[in-house]
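Dear colleague,

I am handing over the structure below, and after it you will find an account of what was found. Please read it with the model open beside you.

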Amino acid sequence: MIRLENITKTYELAKQEVTVLNDVSLNIFEGDFVGIMGRSGSGKSTLVNLIGFLDKKFKGTYYFEDKLVEQYTDDDLSKIRNENVGFVFQNFGLIENMTVGQNVELPLLYAGISNQEKTRLVAESLEKVGLADFVGQSVKLLSGGQRQRVAIARAIVNSPKFIIADEPTGALDSKTSVDIMQLFTDLNTTSGVTIILVTHDPNLMAHCNREIRVSDGEVVL
Ligand SMILES: Nc1ncnc2c1ncn2[C@@H]1O[C@H](COP(=O)(O)OP(=O)(O)O)[C@@H](O)[C@H]1O
Ligand SMILES: [Mg+2]
């Protein structure tokens, strides 16, 4: 599904070119649960942002479903991103003054779906993350673990081809982290959702079926 060939990414910092990804090649297949491991600053977020079509300024080739990503315009990429990728971040990224249901519905605003269908999809997503009864609740009252479940419901509501979870348990205690990892495992095994998990916690690797190790901008495993 995802094929990166010889990807190099540089930033210019104080007139110096800094290489953040250096000649990265990798494949991610449908149904994978990939763990991307590496120390802080090794380039993990840069890599997954590029995979999630958030960044198209790089050298090398990226094929998504056998199509060259560089051919797409920014508008094409927004649409492709909305239809194919669900994002889950460390700090949840929920909108505080909205309800749980309104947050989960956000990715559907672009999709031209009837209100009735939206309600059904939101309910279905919340059911999958164990928060069926929370649809009308304010997110302000939720715990960290509940917030991350809402973020995951929002990530899956569009039935994306893959989910990018960048340090999704980084702000959670260890017991809640295990619950969230179990939820990703369930989504992967029962719904077949492809998951790309970024972490620097080796304990989480047991949930993944494959590991990609990043060190100083290079894939080393
Ligand atoms: N917008 C940016 N401009 C310049 N340097 C950046 C930018 N974003 C990230 N970097 C640098 O790229 C390197 C990799 O960052 P990142 O991908 O966030 O690593 P990780 O997610 O593994 O912690 C770091 O050295 C970081 O400082
Ligand atoms: Mg990061």
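Lys-44 is found in helix α1, residues 44–51 (helices are DSSP runs of H or I of at least four residues, strands runs of E of at least two, numbered from the N terminus). This is a predicted model, in which local features need pLDDT of at least 70 and side-chain atom pairs count only at pLDDT 80 or more, while totals for chains, interfaces and linings use all residues. Residues are numbered from 1 along each chain as its sequence is written, chains are lettered from A and ligands numbered from 1 in the order in which they are written, and side-chain values use heavy atoms, with hydrogens and water left out.

Lys-44 is buried and yet has no salt bridge, since the nearest side chain of opposite charge, that of Glu-167, is 4.1 Å away. Here buried means under 20% relative accessible area, exposed over 50% and partly exposed in between, with a 1.4 Å probe and protein chains only; a salt bridge needs a side-chain nitrogen of Lys or Arg within 4 Å of a carboxyl oxygen of Asp or Glu, and for charge Lys and Arg count as positive, Asp and Glu as negative, with His and the chain ends not counted. A polar atom of the Lys-44 side chain does lie 2.8 Å from the backbone oxygen of Arg-39, and a polar side-chain atom of Lys-44 lies 2.8 Å from an oxygen atom of ligand 1 (polar contacts are pairs of N or O atoms within 3.5 Å; within protein, one must be able to donate a hydrogen and the other to accept it, and residues adjacent in sequence count only if both atoms are side-chain atoms).

The residues surrounding ligand 1, each with a heavy atom within 4 Å of it, include Tyr-11, Val-20, Arg-39 and Lys-44. A backbone N or O atom of Gly-41 lies 2.6 Å from a ligand 1 oxygen, and for Ser-42 the corresponding distance is 3.2 Å.

Lys-15, in the loop between β1 and β2, has a positive phi near 65 degrees and is exposed, with a relative accessible area of 79%. Asp-23 lies in strand β2, has a positive phi of about 55 degrees, and is partly exposed at 46% relative accessibility.

With kind regards
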